[in-house]
Amino acid sequence: MYSEAGRRANDGERQTDGGRGAATYTSTMAEWFADESLWEAIYPFEFPDAVIAAGETQVASALRLRGVPQAGRALDLGCGPGRHAIALASRGFTVTAVDLSAFHLAKAKEHVATAGLVIELLRADMRAFVRPDSFDLALSLFTSFGYFDAAEDDLRVLQNVHQSLRPGGALVMDMVSKECLARNFDATTSHKVPDGSLLFQRHAIRDDWTRVSNEWTVVTGTQARTFDFSLRVYSGRELRDLLVRTGFASVDLYGGLDGRRYGLEAERLVAVASKHGRDAD
């Protein structure tokens, strides 16, 4: 669900550092999201068939929130196995899908081929990926934001997206939020998939409510593997302030991709941030 700089030949994918003067980042195993074994182990739990199929509805909802009736150029940032990129491309968008995980991009490549579509799949670090004035729409869905230790890196990602959008373009973000966690926090959960594999999750709020730490243990047969990682979490106000600081002209918050208001009934934190241009006065 995320990406790193480099280059891979002969497999239909291209790796990039973002180019055009962007800083180059090299992810290391010290950065939890660079561990491919994590994404491979949790894939059956994260992306069962129903979740993959839901990508179509989620993109349709995101487009309604944004008010995008016609196709254009779209960026799927943190694309994972490509479900949102495919939904965009099927609507006529020219799509660039960016992720760190080679495993996820391989899955995306399979799904794109099955769908008979053409999508640009890139391995690129979102802290470095920039294509100035290139996209009408950018999506960051399924909590693909807040992975980094440094808050400044989150700001850099948003600055990159803002720079990569054309005038009048917009970013649609979907993530878990502080408010939703405070209302529905569950410290321990478990999940089983049809092949009998189990996922045990332990969660904790830390660093003065700025991060959520996670311990995920995957049990397959007699083998158990444990992964530790954390995410930075934002309140609605904090995310809005960060997007405005980045330079977005307007920011609308919702409690889900269905457009419900961001209040007590919010299930997710969804932001629609517009760049100055034809739709901004």
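Which backbone nitrogen does the side chain of aspartate 174 reach at 2.8 Å? That of phenylalanine 142, a polar contact in the sense of N or O atoms paired within 3.5 Å, one able to donate a hydrogen and the other to accept it, with residues adjacent in sequence counting only if both atoms are side-chain atoms. The model is predicted, so local features need pLDDT of at least 70 and side-chain atom pairs pLDDT 80 or more, while totals for chains, interfaces and linings use all residues. Residues are numbered from 1 along each chain as its sequence is written, and side-chain values use heavy atoms, without hydrogens and water.

**Aspartate 174**
- Strand E6, residues 165-175, contains aspartate 174; strands are DSSP runs of at least two residues and helices (H or I) of at least four, numbered from the N terminus.
- Aspartate 174 counts as buried because its relative accessibility is 8% (buried is under 20%, exposed over 50%, partly exposed in between, with a 1.4 Å probe and protein chains only).
- Beyond neighbours within four places in sequence, the contacts of aspartate 174 include Ser140, Leu141, Phe142 and Arg268 (heavy atoms within 4.5 Å).

**Alanine 249**
- Between helix H7 (236-246) and strand E11 (250-254) runs a loop that holds alanine 249.
- With a relative accessible area of 33%, alanine 249 is partly exposed.
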